[in-house]
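Please read the points alongside the displayed sequence and coordinates.

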Amino acid sequence: MNKRKLLSAMALSAMILPAGWISAQSSGRDMLYYSKVDEEQARQDAKNSADVDEAEAVLFSSSKIDWSRGTFSSNVSMDIVKAGIPMPSGKNAAVNKIKMELPVLIKDPLLSIYVDDTRTLSDMVLDGSLTLEELTRIIDNAKETPAYFKNGGDRLLTEHTIRLEDIGSLFVKHRSPYTQQKPIARIASRAYTGIVIDARGKLPVHGEFVESLVDPCLFPKVYDSNMTLVYERNMVDPKIASKQGINAYCTDIHDRDFEKRVGDDPLWITAEQVFGVYRCDPVISSEDYLRIATVPANLKLLQEGKIVILLGKEQITHRVSAPDKSTSYYVELQKLRYVFEDKVPNTVVKDGPGGIQITVQDLNFIADSAELLPADKERVGMIAAQIKEVVASGNYSIKVEGHTADVNKPAGQLQLSIDRANTIVDVLTAIGIDKGLISARGYGGTKPIADNATSEGRAANRRVEITIMPADSYVQKR
C-alpha cells in the first residue's frame, strides 16, 4: 500500500449503494429499510479504520498520551507467523510494512487529541486547518525504537513516539505576541518567576450547573471570573510556543519540568471553575488575574509561556482509545444513510470520527425556546426510531450535541443549545432508549458550519448532531 492510499484511508469512508428494500414500522409510519447491504464494502471500511477481526489481524497498536512529557506513543507489533514473512531474512520487509501501515493504525486515537476547548485534531482536518499530509509527515518523522522480537520470535515489536509540540507547532501562526492592556482596577502584587494554576479535582463548569474534571489540550485558555481572557496562544512568543508549547502540565511540584518551567518562586493560583466544550480552560478569580496583569514582569511571564497547570494523574497520562468500527458498524451505517436520504429531509448521515454522525439541519423550534414545532417533532421521531434499531443491534451509546447560529449572545446561545439538545434526548428516551446510554452537550454558536452573515448560513448552523458511538477499543488492528 502506497502513501497515497494511506492518506485516502484517513478520510471519511465512502459507501457503495446496497440493494433490496423491505418495509419497517417507524414512528407509526412505513419506512424503507435495506435488507441487503454490501458486506464486502463494510469489511473494507472496517479495515481502513484499523478494526479488522482479530483472527484476520496481522498488525496491532495501542497508544497512550503523556501530557507531562508531551508525548503520544504507540506500541506496534506484527504477528510474523500470520503475516507469512520468513525470518530472519524478512525482518527489513516486516519493518517497512509496519512503517507503511502506521498512519492507519494510529490515526483514530491521534485525531482524538484536543487542540483547544472546542476542537480536536479531527475537527482541524475536517475544516482544513490541518492537512493529512502534514500529519503524516509528523508521523513519519517521529522517534521510533529499533524493532525487536518477542514471544520466541513470533512477534516483532517497536514503539513510535510523537512529540505533542511538533503537532502544536502546526497551529502557531502569529508572528509576534500581543500584551493585554493594563486593567483599570489594580491590586497589591509583585513579580514572580512563573504562574501555577492548580486545577486538580472536579470544578464547577462555568455557565452550567454541573462539575467536571479539567482535560488537557494543546492550547488551553485561561479566563477570570468575569470571563476576561487572561491567557491564550497568541500571547506567547511564537518561537517558544512552537518549541515547547504554551504551558506545561504537571501533577505536583515534583514533576521533572515543574521548576524548569516556573522557577522557584511562582505565583500559585487555585482554579475556581472550568470552561469550554471540552472542559479544558481554567477559570481563575478576578483578584488572581489582577495579580498578574498589574505587574509588567508578570505579563512577560505570559509571553514566555512560563505557565504550569496542575491536573490529576488520570488526566495527564492515560491510554487513548478509538471507536471500534467493526464490519457490523459499517453495515448499520449503510442502512441508516439510505433510509434517511430517502425518507428524512434535511438530515445527513456520515461516518464521523466518534461514530455514526446524524446531522439534523434546519430544526425549527418555537422562537427562543427548546420546543420543537409539530413538523419537526415528526421528523425527529422518525430519526429516533431508527436510532433505537441500531442501539438494539450492538454495544452503542448516543451523544447529542446542540448548536445555534451566532448572534453575538454567547451565554444565551450556549444555554439554548443545551436546552435544545435535551429536547432531543427527551424524544429518544420517550421511545424507550435507555437514558443511561445518552449524553448531551451544547456548543452555542462556537462550531459554525456556514456563514452566520446570511439567513441560509444561520439556518444551517441551527442544528443538532447525534452520534451513535460504538464501544471504544484500546487496540487498533490491521
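1. The second largest cavity of this predicted model has a volume of about 40 Å³. Its lining consists of Ile195, Ile197, Val222, Val230, Tyr231, Ile292, Leu302 and Ile307. By class, these residues comprise eight nonpolar, no polar and no charged. Strands β8 (195–198) and β12 (229–231) each contribute at least two residues to this lining.

2. In total, three cavities of 30 Å³ or more are found in the structure.

3. Around the largest cavity lie Leu363, Phe365, Gly402, His403, Arg420, Arg462, Arg463 and Val464. This lining divides into three nonpolar, two polar and three charged residues. At least two lining residues come from each of β22 (396–403) and β24 (463–470).

4. Turning to the helices, the axes of α2 (residues 39–48) and α13 (residues 327–343) approach within 8 Å and cross at roughly 120°. Helix α2 is therefore oblique to α13, and the crossing of α2 past α13 is right-handed.

5. On the α2 side, the contact involves Glu39, Gln41, Ala42, Arg43, Asp45 and Ala46; on the α13 side, Thr327, Tyr330, Val331 and Gln334 take part. The residues of this contact divide into four nonpolar, three polar and three charged.

Terms used
Residues numbered from 1 in each chain as written. Predicted model: local features only at pLDDT ≥ 70, side-chain atom pairs only at ≥ 80, totals over all residues. Heavy atoms only, no water. 1 Å grid on protein atoms, 1.4 Å probe; cavity = no way out; pocket = protein on both sides within 12 Å on 5 of 7 lines; lining within 4 Å. Points joined across faces, edges and corners; volume = space filled by probe spheres on them. Helix = DSSP H or I, 4+ residues; strand = E, 2+ residues; numbered from the N terminus. Nonpolar A, V, L, I, M, F, W, Y, C, P; charged D, E, K, R; others polar. Axes fitted to C-alpha atoms, helices over the stretch in contact; angles between N-to-C directions. Parallel < 35°, antiparallel > 145°, perpendicular 65-115°, else oblique. Left-handed = near helix turned anticlockwise from the far one by under 90°. Contact = heavy atoms within 4.5 Å.
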